[in-house]
Each structure stands twice: as structure tokens, then as C-alpha cells.
Amino acid sequence: MIDSVGIYRKANSLVQLHGTRDTIKLAEASGVEVVPVDCFNNLLGMYVYRWKHRAMFLNNRMDEYLTLMVAGHELGHDIYHRLLICDRFRHLLLPLSRDL
């Protein structure tokens with residue numbers, strides 16, 4: 001199940017940390033490479049995580065407001081998938097922390 005409250009809190013903490021609501025700046029500050037592409041026809045954006053590299057591809061034919069909205073959506077994927085990984089491996093980390 002998607003933890004929408006967790007994503008919302010993480011997004012707000014990024015805004016507080018970086019002092020902006022510009023989703024492209026937030027993505028870049030979070031370590032996500034933002035790549036404008038002109039080969040998308042109907043696709044607005046796409047988030048990928050491969051080989052420990054996080055990137056979002058954004059259709060460069062969109063206006064500024066739609067670009068920021070799509071970048072925010074893709075940043076949500078980054079936040080969600082990172083939270084999901086933490087939850088999946090938490091059971092592996094807990095025994096290690098008890099031994100400390």
C-alpha cells in the first residue's frame with residue numbers, strides 16, 4: 001500500500017530543507033538527474049532507477065507549469081520507491097541494530 005502521508009511529509013521536508021517549491025531544483029538537490037528529452041510524443045515524463053543512478057526524463061515540449069507538475073510527480077516516484085526499499089529491508093536491519 002502506498003504511504004501517501006509519508007510521501008507528503010518527505011516532500012514537505014525537502015521544501016523546508018532546500019527553501020524552494022521548484023520541483024526540478026528539489027529533484028536535482030535530492031540527487032535525481034533531470035534530463036529533458038524531445039523524443040517523447042504522448043509521454044510527459046518517466047522516472048528510472050538503474051545501477052544506483054536516479055533520473056527523471058521530462059518531455060521538453062511541455063510548458064513551464066506542466067513541467068513542474070510532472071517533475072513533482074516523478075519526484076514522488078523517487079520518494080515512494082526509496083521509502084519502499086527502506087520498509088522492505090527494515091526487518092534485516094533491526095537485528096543488526098539490536099546487536100550494537
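Ile7 lies in helix H1; helices here are DSSP runs of H or I with at least four residues, strands are runs of E with at least two, and both are numbered from the N terminus. Is Ile7 buried or exposed? Ile7 has a relative accessible area of 17% and is therefore buried, since buried means under 20% relative accessible area, exposed over 50%, and partly exposed in between, with a 1.4 Å probe and protein chains only. Ile7 and Asp78 are 71 residues apart in sequence, yet their C-alpha atoms are 9.6 Å apart in space.

A word on what you are looking at. This is a predicted model, in which local features need pLDDT of at least 70 and side-chain atom pairs count only at pLDDT 80 or more, while totals for chains, interfaces and linings use all residues. Residues are numbered from 1 along each chain as its sequence is written, and side-chain values use heavy atoms, with hydrogens and water left out.

Now the overall layout. The protein has 3 helices and 3 strands, and from the N terminus on they run α-α-β-β-β-α. Of its 100 residues, 31% are buried. The exposed surface comes to about 7,500 Å², with 59% of it supplied by carbon and sulfur atoms; accessible areas come from the Shrake-Rupley method with a 1.4 Å probe, and for residues only the protein chains shown count as cover. Take the contacts, meaning heavy atoms within 4.5 Å, with a separation of 6 or more: residues 24 or more positions apart account for 39% of them.

Next, the sheet. Strands of a sheet pair through backbone hydrogen bonds, either parallel or antiparallel. In this protein 3 strands form an open sheet in the order S1-S3-S2, with mixed pairing; two strands pair if DSSP finds at least two bridges between them. Which strands stand at the edges? Strand S1 (33–37) and strand S2 (45–50) do, each with a single partner strand, so one side of each has no neighbour in the sheet. On average, neighbouring strands are turned by 25° against each other, direction ignored; the axes behind such angles are lines fitted to C-alpha atoms, for helices over the stretch in contact, and angles run from 0 to 180 degrees between N-to-C directions.

S1 and S3 run parallel and are joined by 5 bridges. Along that pairing, Val34 has Met56 as its bridge partner in S3, and Pro36 stands opposite Leu58. S2 and S3 run antiparallel, with 6 bridges between them. Here Met46 is partnered by Phe57, and Tyr47 stands opposite Met56. The hairpin of S2 and S3 has 2 residues between the strands, and Trp51 takes a positive phi near 50° in it. S3 is mostly covered, with 5 of its 7 residues buried.

That brings us to the core. A nonpolar core is a set of buried Ala, Val, Leu, Ile, Met, Phe, Trp, Tyr and Cys residues joined through side-chain atoms within 4.5 Å. The largest one has 16 residues, of which Ala27, Met56, Leu58 and Leu75 touch the most other members. Helix H1 (4–18), helix H2 (23–29), strand S3 (53–59) and helix H3 (64–99) each supply at least two residues of this core, and the largest share, 5 residues, comes from H3. Which residues does Met56 contact, leaving aside its neighbours within four places in sequence? They are Ala27, Val32, Glu33, Val34, Val35, Met46, Tyr47, Ala71, Glu74 and Leu75.

Last, two loop residues. Ser30 lies in the loop between H2 and S1. Its relative accessible area is 18%, so Ser30 is buried. A polar atom of the Ser30 side chain lies 2.8 Å from the backbone oxygen of Leu26. Asn42, in the loop between S1 and S2, has 76% relative accessibility and therefore counts as exposed.

Technical notes: A polar contact is a pair of N or O atoms within 3.5 Å; within protein, one must be able to donate a hydrogen and the other to accept it, and residues adjacent in sequence count only if both atoms are side-chain atoms.
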